[in-house]
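Below is a short report on selected local features of one model. The sequence and structure come first.

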Amino acid sequence: MPSTTLDPLLQPFQLKHLTLRNRVVSTSHEPAFGEEGMPKDRYRAYHLEKARGGVGLTMIGGSAVVSPDSPPAFGNLLLYRDEIVPWLRRLADDVHEAGAAVMCQVTHLGRRTSNFTGDWLPVVSASPLREPAHRAFPKAAEAWDLDRIVADYAAAALRCREGGLDGIELEAYGHFLDSFLSPATNHRDDEWGGSLENRMAFPRRVIRAVREAVGPDFVVGIRMSLDEAHLSGLHGLTFDEALTAAEQYAADGIDFVSAIHGSIESDASLAKAIPSIGTPLGPFLDFTGEVKRRLSIPVMHAARIADVATARHALREGLLDLVGMTRAQIADPHLIAKVKAGQEDRIRPCVGASYCLDAIYDSGDTKCVHNPAAGRELHVPHLISPTIGRRRKAVVVGGGPAGLEAARVLGERGHDVVLFEASDQPGGQIRLAASNPRRGDLIQIVDWRLAECKHLGVDLRLGTYAEADDVLAEHPDLVIVATGGMPNRSFLTKGEGLVFDTWDVMTGSLRRPRGEILVYDDHGGYPAMDAVEVLTTSGAWIEYVTPERTLAPDVGSMNSPAYLRVFTAHDVITTLAQRLRSVRRTEDGRLAATLYSEYTEAETERIVDHVIVEHGTLPMDELYFELLPDSTNLGEVDHRALLAHEEQSVVRNEAGRYQLFRIGDAVAARNIHAAIYDALRLCLPV
C-alpha cells in the first residue's frame with residue numbers, strides 16, 4: 001500500500017466540531033433521484049456509494065426546498081414535510097457507517113422555478129424581475145412572506161438536525177436569499193433594499209434564525225457568489241460587497257463558505273459558473289484563493305476540478321480548504337479509494353460533458369455520459385466482481401463505446417475476450433465528436449476503456465476487419481456485435497449522392513469547403529452542431545436548417561451556449577421548421593436544395609455550393625445477420641431478464657453454437673450513454 005501521509009487530498013480537516021477524514025467533498029447538487037420529494041432508497045444508495053468510495057463529505061439535497069411556494073424545479077427534496085426526517089436519518093446513518101460526513105443544502109428557490117408546477121402558488125423574489133432560465137415572473141415578497149419564509153428556513157434546518165445530518169448549507173446564488181443581496185435583483189425601496197446593509201438584512205435574519213433553531217454545535221455553511229460577473233451588463237454583486245456580506249454572515253453564525261464565481265440566471269451565465277468541456281480546469285481557483293485569504297472561515301469550492309492533479313494543486317497552494325470534486329465523483333464515486341490504493345490511473349475520468357446536468361431536463365434525472373451505474377446503484381454495481389460460473393470465450397466486434405464497454409465488463413468478469421476493431425484507432429463516433437477541438441476531452445471515454453481492457457487482458461485486435469470466419473475461428477460461446485452505424489442519407493427523395501454528411505466534415509474528407517453551405521440537421525443533437533463549429537473555421541457562409549421548432553433540442557443548456565457563441569461569432573444563419581426533401585445539380589454546377597414547410601405547406605429552394613446532412617445512422621448489421629443462423633438465441637434478447645440484470649438464457653435454436661447479441665448503434669442510432677448502458681447491463685450477468 002503506497003504512503004498517503006503527504007497527499008493533501010487525504011489529510012483530515014476540522015470543520016468546527018466535525019472531523020472530516022479527508023479534504024474531498026461531493027458538493028451540493030440535485031440528481032433528481034428523490035421519490036415524492038423524499039431521499040428514499042435510490043437517493044440514499046447514490047450517496048452511500050460515494051461514502052464507500054472514500055469521500056470525506058457528501059452533500060445532499062442540491063437546493064432542498066423549505067416552503068411550498070418554492071416548488072421543485074429539478075427534482076428538489078421537500079424539507080418542509082416532517083416525513084423527510086426518517087429518510088434523512090436512514091441516509092445519514094448509512095453514510096456515517098461508511099466513514100463520511102453528510103450535509104444538506106437548504107434553500108427557497110425564489111424565482112428560479114416555475115409558476116406552473118407544484119401547488120401553483122405565486123413565485124416570490126425580492127423584486128418582480130423575470131428569471132430567464134425558468135421563465136418565472138415573481139411577485140415582490142411582502143412582509144408576511146418574509147416572516148413565514150424565515151420560519152420555514154428554521155424549521156427545515158431543524159429537520160436536518162433531527163435527521164442526523166452533520167450540518168446544512170444555505171444556498172445563496174440565483175435563489176431567494178441572494179435576490180435580496182444582489183443589486184441586480186433587488187430593486188426595493190423599503191428597509192430591505194438600497195444600501196448593502198439593507199440588502200444583507202434579510203439573509204442575515206434567516207441565518208440568525210437558523211442558528212438559533214439548530215444550536216451552536218451544528219455546522220451551518222453558505223454557498224454564495226462572491227462576484228456575480230453578470231454577462232448581461234447588469235450591476236450585480238461585486239467582490240468587495242460579497243466579502244463584506246460573507247464576513248457579516250460569519251459573525252451571524254456561518255461556519256464555512258462554498259465560493260461561487262458568476263451567476264446562473266441564464267444558460268450562458270450558468271455555463272460559465274459551472275464550466276464544461278472545452279474550458280480550462282479549475283478556472284476560478286485564483287479567485288477562490290483570494291476569497292480564502294480575505295475570510296477567516298473555511299472556504300470550499302467546486303468548478304471543473306475534474307482530476308486529482310488539479311485538486312492537489314488547489315490544496316497545496318492554499319487556494320481552498322475543501323475541494324469539491326462533484327462531477328468527478330459522479331463519473332467515479334471510488335475516486336478517493338483509488339487514490340489511496342495507488343490506482344489513480346484507473347480512475348474513470350470526468351470528461352466535462354455535463355450530461356449529468358443536462359440529462360435532468362432531457363430525461364428526468366442525472367446520468368453520467370459514460371458511467372451508467374451512477375444513479376442505478378440499487379441494481380448496477382460500480383465495481384464489477386469476477387464471475388463464479390464458467391469462464392467463457394467472448395468475441396466483441398467493434399471498438400466504439402459499446403464494444404469497448406462490453407469487452408471491459410466481460411474482462412472484469414474474468415472471461416476470455418477478443419475484440420476486433422477495423423480501425424487502427426478505436427472509438428467509433430466518439431472519435432468523430434472529439435475531432436471538434438473544443439470537445440477533444442471526449443476521447444478520454446475511449447482511452448480509459450482501452451487502458452482497462454489492456455489491464456484486464458482483453459485481446460485487442462485493432463486494424464482488423466472481422467468477417468464471420470474470423471469470429472467463428474475463435475470458437476466463441478458469446479458474440480457481441482457492436483459495429484455501430486453509418487450516416488443515413490436515405491431520407492432524401494432525390495440527390496442522395498450529391499450531398500455530404502457530418503462524418504465527412506469531422507473526418508476531414510470535406511476539406512475547407514468554400515462558398516455557401518447548407519447544413520441540414522434532422523437529428524437535433526450534437527453531430528450537426530459539431531460539424532457547423534468545425535466548418536466555421538473554413539470561412540464559408542453557413543446556413544443551419546432544421547425541421548424542429550428550436551435549434552438542436554437534444555443539446556442541453558450546459559452545452560448549447562458554446563455552440564450559440566460560435567453561431568453568433570460567425571454569423572451562421574439559422575432556419576427553423578424547414579425539411580430538406582431533395583437536392584439537384586444546377587446548370588452552373590451548384591446545388592439546389594428543396595425545403596418544405598409543414599406549416600405553410602409550401603416549398604422553397606436554396607442555391608448553394610455544398611449540402612451537408614445529419615439524419616442519424618443506419619446499423620452496420622451485415623455481420624450480425626450473417627452470424628444469426630448459427631446462434632442459439634437467434635439474436636433474441638429477453639427484455640425481462642435484461643431489465644432484471646439476469647443472464648440471457650433464450651434458446652431458439654438447439655443446434656446453435658453461440659449466443660449472439662448486438663448493441664449500441666448496431667441496433668439503432670442513439671447516444672453515448674445508451675451505447676455504454678447497452679453493453680454494461682447485457683454483459684454484467686454473464
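## Asp 522 and its surroundings

Asp 522 sits in the loop between β19 (516–521) and α18 (526–535). Helices (H or I, at least four residues) and strands (E, at least two) are DSSP runs, numbered from the N terminus. The side chain of Asp 522 makes a polar contact with that of His 615, at 3.2 Å. Such a contact is a pair of N or O atoms within 3.5 Å, and within protein one must be able to donate a hydrogen and the other to accept it; residues adjacent in sequence count only if both atoms are side-chain atoms.

Setting aside neighbours within four places in sequence, Asp 522 touches Pro 547, Arg 579, Glu 614 and His 615. Contact means heavy atoms within 4.5 Å.

## Basis of the model

The model is predicted: local features need pLDDT of at least 70, side-chain atom pairs count only at pLDDT 80 or more, and totals for chains, interfaces and linings use all residues. Residues are numbered from 1 along each chain as its sequence is written, and side-chain values use heavy atoms, with hydrogens and water left out.

## Helix α9

In α9 (residues 308–316), the buried residues include Val 308, Thr 310, Ala 311, Arg 312, Ala 314 and Leu 315. Buried means under 20% relative accessible area, exposed over 50%, partly exposed in between (1.4 Å probe, protein chains only). Their cover includes α8 (285–294), β12 (322–324) and α11 (335–340).

Just after α9, Gly 318 adopts a positive phi of about 70 degrees.
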